[in-house]
Amino acid sequence: MSHSVSPVGFVRSCFKEKFAIPRQPQLAPAARGVVELVAPFNNGDAVQGLEQVSHVWLVFLFHQALEDTPRLKVRPPRLGGNTSMGVFATRATHRPNGIGQSVVRLDKVEAGKLWVSGIDLLDGTPVLDIKPYVPYADIIDGAHNQMASAAPELIAVQWHDEALHSAREHGQRLGEPLMELIEQCLAQDPRPAYQVPTPERQYGVRLWDVDVRWHYPEPGLIRVLEVV
């Protein structure tokens, strides 16, 4: 039995590429975007009442990770990328039907548009459904996950003076907390866990319309080199 589904909208996100996106929602509160609804859901009737809700579940499609052959086992980044686990024991992007879900903060509601933050979604992500977060039902006392019992340990982030000045200027131009976004995303240490970068190796990512470059001058430390 198969089913056909269609997006109710698309995410316009600060994340323009997959690298450096937080591996879970809410890890970078400064990560913001807009869910642009499509017809017939861009009518104000579809979002009536959402102004009473602080957070929503976004059910979405990993549109850049769709695969013809289902995977039974994956290698979660949280476990260093070298340990195989059953796909249903992880939140890896390689899903049997490419479906993901994230709890995001709902900052503003308009007919046809939802402003959200704390996102972990790539720009252009198709949204399949939107559901209100219900604290009394969605918070489960005593729940546990032995593989991911706490948020990842953060890595220290330092700034080159010119990069910090540039981040502040671009943030003002964009009307976005760009400096905070960069720090929150890089503090998650986006490099693959199995890599041991040398101080000479540089990494880069595009956030909004800005290119960010950094390196690891020593273990446990990131220095932002350039924001252009």
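Buried means under 20% relative accessible area, exposed means over 50%, and partly exposed lies in between (1.4 Å probe, protein chains only). This is a predicted model: local features need pLDDT of at least 70, side-chain atom pairs count only at pLDDT 80 or more, and totals for chains, interfaces and linings use all residues. Residues are numbered from 1 along each chain as its sequence is written, and side-chain values use heavy atoms, with hydrogens and water left out.

**Barrel**
- Six strands close into a barrel, in the order β1-β2-β7-β6-β3-β8, with antiparallel pairing.
- Strands here are DSSP runs (E, at least two residues), as are helices (H or I, at least four), numbered from the N terminus.
- Two strands pair if DSSP finds at least two bridges between them.
- Strand β6 (residues 99–110) and strand β7 (residues 113–117) run antiparallel and are joined by five bridges.
- Valine 109 stands opposite leucine 114 in β7.

**Salt bridges**
- The structure holds 10 salt bridges (a side-chain nitrogen of Lys or Arg within 4 Å of a carboxyl oxygen of Asp or Glu).
- One joins glutamate 36 to arginine 12 (3.3 Å, N to O).
- Glutamate 36 lies in strand β2 (residues 32–37) and arginine 12 in strand β1 (residues 9–13), so the pair ties together parts 24 residues apart in sequence.
- Another joins arginine 32 to glutamate 176 (2.8 Å, N to O).
- Arginine 32 sits in strand β2, and glutamate 176 in the loop between α2 (161–174) and α3 (178–186), 144 residues apart.
- Glutamate 176 is buried, at 18% relative accessible area.
- Arginine 213 meets glutamate 226 in a further salt bridge (2.7 Å, N to O).
- Arginine 213 is partly exposed, at 27% relative accessible area.
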